[in-house]
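This briefing sets out selected features of one protein model. Please consult the sequence and the structure shown below alongside the points that follow.

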Amino acid sequence: VPWFKNFRGTIEKLDESRYICSGEIALLSDDTIEITELPIRTWTQNYKESVLESMLEGSDKQPPLIQDFKEYHTDTTVKFVIKMNASKLREAEMEGLHKIFKLQTTINISSMVLFDPLGCLRRFPNVEEICKEFFEIRKKKYIERKAFQEGMLRAQSERLSNQARFILAKIKGEILIENKRKAAIVEQLVKKGFDPDPVKRWKELQRKRELEMTGEVQVDEEEMEGEEEVCFLLEYVVFNLSNKLKVIK
């Protein structure tokens, strides 16, 4: 059965490819009714102008059916309160309020044309086929997203490990950075086996792999590692301890 978010009316099956969609109408008194939901794809303003106002004004062939109506809508709900002659209301009840006030439409699902994963228009015979197609694509994307998040977390963990090693090495006096130039500090860090920024390297690798998939560039991880430096540790703390800023011991 078709489903629409926040729709408070009813949807009932007519046959294999058609459903009838009904709005909500209720009797408040002998001469008052209330409409609190319109059929799917029926806009409030259009309904007011094409149905209620024509019932209020009447025509040469059709006398007015209702006496007055008030509107009490919100941004998410519909509410018409309609006044009419008691005898006409009884006649409308016998004929069917939904029919008289045009609160029923038909939903046809025999022609469901959507874009498939390849971007081509395709006709789906039923909702189940759409769900199957959607499931396989979403499953693939969930796996890709999980791998992406795991890779990012590993890179962040490696960065924190390098920062912790750096702090311990500085405390033990294994790395001297006071009054040293940037190049000399970087040389010490490289000799101690500190890694290039894992997060930056991982993001760059992902970007280049995306370009490789489009045929724009080939990924060379060794070349990437050779080009990068351990500057993220300098950004972390070393710049404040370089020869530009002396440390007060």
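In which strand is the place of E34? E34 belongs to strand β4, which spans residues 32–37. The model under discussion is predicted. Its protein chain contains eight helices and nine strands, and 30% of its 249 residues count as buried.

**Overall architecture**

- The accessible surface of the protein chain amounts to about 17,600 Å², and carbon and sulfur atoms contribute 52% of that area.
- Among contacts between residues at least 6 apart in sequence, 55% link residues at least 24 apart.

- The side chain of E34 makes a polar contact of 3.4 Å with the side chain of K79.
- With residues up to four places away in sequence set aside, E34 touches E24, I25, A26, L28, K79 and F80.
- T36 also has its place in strand β4, and its relative accessibility of 19% means that T36 is classed as buried.
- Apart from neighbours within four places in sequence, T36 is in contact with R8, E24 and V78.

- V113, F115 and L121 make a nonpolar surface patch of about 340 Å².
- V113 lies in strand β8, which covers residues 112–115.
- The relative accessibility of V113 is 45%, so this residue counts as partly exposed; membership of such a patch requires over 30%.

- N126 occupies the loop between β9 (121–124) and α4 (127–171).
- With a relative accessible area of 29%, N126 is partly exposed.
- A polar atom of the N126 side chain lies 2.9 Å from the backbone nitrogen of E129.
- N126 and S110 are 16 residues apart along the chain, and their C-alpha atoms are separated by 7.6 Å.

- In helix α5 (residues 182–191), the buried residues are I185, V186 and L189.
- These residues are on the same side of α5 because they cover an arc of only 100 degrees around the axis.
- An α-helix has 3.6 residues a turn, so residues three or four places apart point the same way.
- The exposed residues A183, V190 and K191 are carried on the face of α5 turned away from its buried side.
- G193 follows α5 and has a positive phi, near 85 degrees.

**Salt bridges**

- The whole structure holds 14 salt bridges, including the pairs described here.
- E16 and K13 form a salt bridge in which the closest N and O atoms are 3.7 Å apart. E16 is exposed, at a relative accessible area of 64%, whereas K13 is partly exposed, at 47%.
- D15 pairs with R18 in a salt bridge whose closest N and O atoms are 2.9 Å apart. D15 is partly exposed at 28% relative accessibility, and R18 is partly exposed with a relative accessible area of 37%.
- D68 and K70 meet through their side chains in a salt bridge of 3.9 Å, N to O. D68 is partly exposed, with a relative accessible area of 32%, and K70 is partly exposed, with a value of 44%.

Conventions
Residues numbered from 1 in each chain as written. Predicted model: local features only at pLDDT ≥ 70, side-chain atom pairs only at ≥ 80, totals over all residues. Heavy atoms only, no water. Patch = residues over 30% accessible without salt bridge, like charges linked within 9 Å, V, L, I, M, F, W, Y side chains within 5 Å. Areas by Shrake-Rupley, 256 points an atom, 1.4 Å probe, with all protein chains shown as cover. Salt bridge = Lys/Arg side-chain N within 4 Å of Asp/Glu carboxyl O. Helix = DSSP H or I, 4+ residues; strand = E, 2+ residues; numbered from the N terminus. Buried < 20%, exposed > 50% of the residue type's maximum accessible area, 1.4 Å probe, protein only. Polar contact = N/O pair within 3.5 Å; in protein donor to acceptor, adjacent residues only side chain to side chain. Contact = heavy atoms within 4.5 Å. Arc of directions from axis to C-beta.
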